[in-house]
Amino acid sequence: MLGSFALLFHSEGFDIENIDVEMGFLLESEFSEPLTLSDGRRLTVRDVPAVETMATLVRFGIFNDSVSCYGTLGTWIEKHQFQFAGSGWEIFIQPLVPGKEHEAVIEIQLPVTRLENALDV
């Protein structure tokens, strides 16, 4: 029932310190009971609000420069007359495996809205 591992960032912008992040799994089937982890902590199910438009970028490897990836995505957002509109995600499409960190595939998703008075680009 557990799908991809995901990180939800609650920061207003891109931070590299003191990050407010929520970790969990995307669900592939209905599940409503809390899940108790081996250390006693509990995962609970919650719906994340729908987002109309996301700017996305896929990166390969956990050690690739994530600051550069976010910078590239931010430049695209600005160039195409969008603005940030909420919390961003990272979804591990190909999971992180110790010793094979370079094989991880991570999709960065940032919710955006078109700027008012934006010209079609």
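## Strands and their pairing

Two strands are said to pair if DSSP finds at least two bridges between them, and strands are themselves DSSP runs (E, at least two residues; helices are H or I, at least four), numbered from the N terminus. This is a predicted model, in which local features need pLDDT of at least 70 and side-chain atom pairs count only at pLDDT 80 or more, while totals for chains, interfaces and linings use all residues. Residues are numbered from 1 along each chain as its sequence is written, and side-chain values use heavy atoms, with hydrogens and water left out.

With β5, the antiparallel pairing of β8 extends over 7 bridges, and V58 faces E107 across it.

Of the 10 residues of β8, 8 are buried (under 20% relative accessible area; exposed is over 50%, partly exposed in between, with a 1.4 Å probe and protein chains only). The strand is therefore largely enclosed by the rest of the structure.

Leaving aside neighbours within four places in sequence, I108 is in contact (heavy atoms within 4.5 Å) with residues including L57, C69, L73 and W89.

## Salt bridges

There are 3 salt bridges (a side-chain nitrogen of Lys or Arg within 4 Å of a carboxyl oxygen of Asp or Glu) in the structure. One of them joins R59 and E90, whose closest N and O atoms are 3.7 Å apart. R59 sits in strand β5 and E90 in strand β7, 31 residues apart, and both residues are buried. R59 and E90 are also among the contacts of I108.

R46 and E22 meet at 2.8 Å, N to O. Because R46 lies in the loop between β4 (42-43) and β5, and E22 in strand β2 (residues 21-27), this pair ties together parts that are 24 residues apart in sequence. R46 is partly exposed at 41% relative accessibility, as is E22 at 29%. Finally, R41 and D39 form a salt bridge at 2.7 Å, N to O; R41 is exposed at 56%, whereas D39 is partly exposed at 49%.
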